[in-house]
Amino acid sequence: MSKELHVIGKASRKVGVMQKVSGQTVYAGDISLPRMLYCKILRSIHPYARIKSIDSREAEALPGVMAVMNGKDSPKKFGIMLRRGDDEVLAIDKTRFVGDSVAAVAALDEETAEEALKLIHVDYEVLEPVMSIAEGTVPPNGEPIHDYAELGNIHKRVSLEFGEMEAGFAKADLIQEDIFYYEGNTHLAMEEHATVAHYEADGKLTIWSSTQNPHYLHKAVANVFDMPPSRIRIIAPPTGGGFGGKVDPLNHEMVVSKLSMMTGRPVKITLTREEVFYAHRGRHPVLMKVKTGVKKDGSITAMDFKSFLDGGGYGSLGVATVYYTGALQTVTYNIPNYKFQGARIVTNKPPCGPKRGHGTPQPRFAVEVQLDKIAEKLGINPLDIRLNHLTRPFTKTANHLSITTTGLRECIEAVEKRSNFREQYGNLPLGKGLGLACGSYITGAGFPIYWNEMPHSGVQIQIDRGGGVTVFCGSTDIGQGSDSVLAYIVAEELGVTVDDISIVTADTSLTPVDLGSYSSRVTLMTGNAAIDAARKLRTLLFETAAKEFGVPLESLDARDNVVFCPENENCSISFPDLVVKAESEHGTLGSVGSYAPPPSTLGGKYKGAGVGPTPAYTYSAAVVLVDVDLETAELKVEKIWIAHDVGKAINPLLVQGQVEGSVYMGLGEAMMEEQVFRRGLHKTPSLLDYKSPTFLETPDIETILIETNDPNGPYGAKEAGQGPLLPIMPAVANAVYDAVGVRIDEIPIHPQKIFKAMRDKEKGKEGRYGPKGVPEIPFPDPIRVESQWGQRADQESSR
Amino acid sequence: MKTLLKLKVNGEHYETYTSIHKTLLEVLREDLGLTGTRHGCELGECGVCSVLIDGQPKLSCLVLPIEVQEQAITTIEGMATGTRFHPLQEAFADLGAAQCGFCMSGMLLSAKAMLDENPQPTRAQIREELAGNLCRCTGYTKIIEAIEKVVAESNA
């Protein structure tokens, strides 16, 4: 194998970018088929109600209306958790949030469909809603929102303990207790979800949808309609932004499928922006209590972490989210003894689910702000309290996670150097402040969402007689560049140019399964599968060339469409010529490759151990410079330095883009984004009212990539699309403290909160804004497991 | 109620008989098949559907086509000349300014209008001029860098 890389590691254009800048990319909403009908969904006006009756006779009689349906027409439940899913195609008995779906219409045009919705008469019995964590953790006044909930409205409780908590706290010189709140927020992808379903005359159903997960949608659709998966084809066109909002199979995808079956015609839906806010599945609001014991040198002796998640009206991936609020605390700093208790509460709001960072930004905010408070009490610089207690490479954590490579030290040192943190921190004029925070994240979940022993990602390659290479993979390009990763890797391995490669992705009939674009898994998993497939094909081609030249196979190399022997200039053949010879020798040329995470990275054996393991963790550090107006408390973020350990940048340009996008999204969460409700009604369901950063609020971002060459990553690569979000919120909070000396223990950090804390401080009260308590609910006895902190983790390459 | 609309888009003349209340965004996408103009809110809040009308960036979701029948409309499909891309399109591709690409049509046209008016904008002016175009992927950083590349090259 050639050691020098020709494509990997080079900044280059993204695959498909010229279509994107010239308006040629076809998103799901751009698809239009002959005889296509348009769908609209009638939505609940009550946060919680029983449906007594639905009368749709008038709607059915409206000219142009081709079909009307309600929940009884398609009663089987579904969800991203597959058979444990609680999503309904349309509400069956009850609606569980304002915006929940009640009935649907297919008509000749959108206007007629909208008109028809007004003619559907729903008789509701209004029920007592549950609107907060506090309301959901006391015995309910009314009927529980879901039958499966415990103690009224508690969806899931988790209780885990690793090591000796009492002994750990006994060793501590300081025990710090804090309570934090992180408000919910949403993905806000610029593309509104769109789906076209076509049930054709042969009884096969094709669905084009803006989804991050064609595979899980495939399974969910088959399940809902009791159809063999072989009769269903899911195609995910390029997605106009996901961020987790298009991970769940969503009910509108089922609705248009059913309406297409009812009418025998293609049916399309495009959600309005307001409906996207209802579809949601975004960041869970989380209330947290953190108790941490530290020695004088800042080393942590034990951490007790409690989280309460506001889940909204349905389950989504919420069981995994609860675990994720507890799983990764141990990956960043040494925590020898660790306890986690978490609970997800069902409430009458749009369902929360996975958003960039999935369940980890909230605890990361809590841990990093608390660390800042501890550092101050102990008189340690925020840099040192982190640098002196980092987890080490190839060790295990208390909760049995295996760390491979870590570049966090390099990350912290890099942002320190650029920002001059050590000199500037604590020494800037009043109103200016610097804040530091770190984070760590998974490169793909170690386990699939449903238990199976099959590959997580498959890649197939075929070569045509002209030397063109086509790569087939189920992976879904949501803008992160997964198509590009496939092309770069196959180009590198076969020695062809990226332009000679065609990419066919995200089509369940044409492409081998890739589990989907979630959990930052795609570069590592499809990348490894692509290497596997490409190297098989390369061997086949090189065998032919070696025979042709009479040289050993190992002496050959390939680049720029030529296969050659570096030691012998007479041995050289163009790739297309070699393809003709190889096909003559071997028959049709193709290969397959697959990938599943190595067993050594799959974590512990206790119940709940499935959330947190990954082939490789990434690490990030950020320093944020803020300006707080002393009069008005207006908060401006003036500059962000971010360093991210990406393992190896397959294309540094695209990696920087992922890092900058993560930083921006974290900044939005830190400063302004929130999904809040008044009597069940979303307060801000529009792009104007839901505040997100524009060009004006987004400062210059300085990005530094750190490469640690992880043995499990393709060419050493790890993720970049989620981890760099994590340090931003706590870094802003810590910077606000440095600027004006108040602690904002709640996200988002609105000027009103800073203002209140500043005025309180002036009056001699505590200069803090944040929650004061957490609910008292019974947790089950913890599952007690010995801590594996510091034990050696195997260094195992996945290939 | 329907009406006959006559529109001049990207230098081509179109006639379409369509509902009088349709927005320019809807007519471009649904009647003329110019789906390169995207939509993100239909309420004039995101900038995704921006087109140029007589060179000025306008939100096509807030424009009634009947009012712009005399004016020159430019959509993303008209930004390249044949197969020759506009320097902004090249720079956006070169510097990784497009991720999901959904905001790109509006972003590029707004950037073009800005440079046509002011070929030498400062970074602060770029931020100010484009503040009406939201992007959720890039953190705006690479977009600014791509525009600055075009500005720098136009100086050279």
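In helix α6 of chain A, the buried residues are A:Pro214, A:His215, A:Tyr216, A:Leu217, A:His218, A:Ala220, A:Val221, A:Ala222, A:Asn223 and A:Val224. Buried here is under 20% relative accessible area, exposed is over 50%, and partly exposed is in between, with a 1.4 Å probe and protein chains only. Helices are DSSP runs of H or I with at least four residues, strands are runs of E with at least two, and both are numbered from the N terminus.

Before going on, the ground rules. This is a predicted model, in which local features need pLDDT of at least 70 and side-chain atom pairs count only at pLDDT 80 or more, while totals for chains, interfaces and linings use all residues. Residues are numbered from 1 along each chain as its sequence is written, chains are lettered from A and ligands numbered from 1 in the order in which they are written, and side-chain values use heavy atoms, with hydrogens and water left out.

Back to α6(A), residues 214–224. Ten of its eleven residues are buried, so the helix is largely enclosed by the rest of the structure. What covers these buried residues? The cover includes β10 (205–209), β11 (232–235) and α7 (251–263) of chain A. Just after the helix, A:Asp226 has a positive phi of about 50°.

Next, A:His198, which sits in strand β9, residues 194–199 of chain A. Its relative accessibility is 17%, so A:His198 counts as buried. Leaving aside residues up to four places away in sequence, A:His198 touches A:Leu33, A:Lys204, A:Leu205, A:Thr206, A:Trp208, A:Ser260, A:Arg265 and A:Pro266; contact means heavy atoms within 4.5 Å.

Strand β7 of chain A, residues 154–162, is mostly covered, with eight of its nine residues buried. It runs antiparallel to β15(A), residues 338–345, and eight bridges join them; two strands pair if DSSP finds at least two bridges between them. A:Ser159 has A:Gln341 as its bridge partner in β15(A). With β32(A), residues 783–785, β7(A) pairs in the parallel sense over three bridges, and there A:Phe162 is partnered by A:Val785.

Now the open sheet. Four strands of chain A make it up, in the order β16-β24-β25-β28, with mixed pairing. Its edge strands, pairing on one side only, are β16 (432–442) and β28 (700–706). On average, neighbouring strands are turned by 15° against each other, direction ignored. Axes are lines fitted to C-alpha atoms, for helices over the stretch in contact, and angles run from 0 to 180 degrees between N-to-C directions. Helix α13(A), residues 408–419, packs on the sheet and touches β16, β24, β25 and β28; its direction makes about 25° with that of β24(A). Strands β24(A) and β25(A) are antiparallel and joined by ten bridges, with A:Val624 opposite A:Ile640 in β25(A).

Last, the interface. Chain A puts 50 residues in contact with 48 of chain B. The buried area, meaning accessible area (1.4 Å probe) lost on putting two parts together, summed over both, is about 4100 Å², with 56% from carbon and sulfur atoms. A:Val21, A:Met190 and A:Phe695 supply 22% of the area that chain A buries against chain B, more than any other three residues. How many salt bridges are there between chain A and chain B? There are eight, each a side-chain nitrogen of Lys or Arg within 4 Å of a carboxyl oxygen of Asp or Glu. One of them joins B:Glu90 to A:Arg13, with the closest N and O atoms 2.5 Å apart. The largest share of the side of chain A that touches chain B, eight residues, comes from α18(A).
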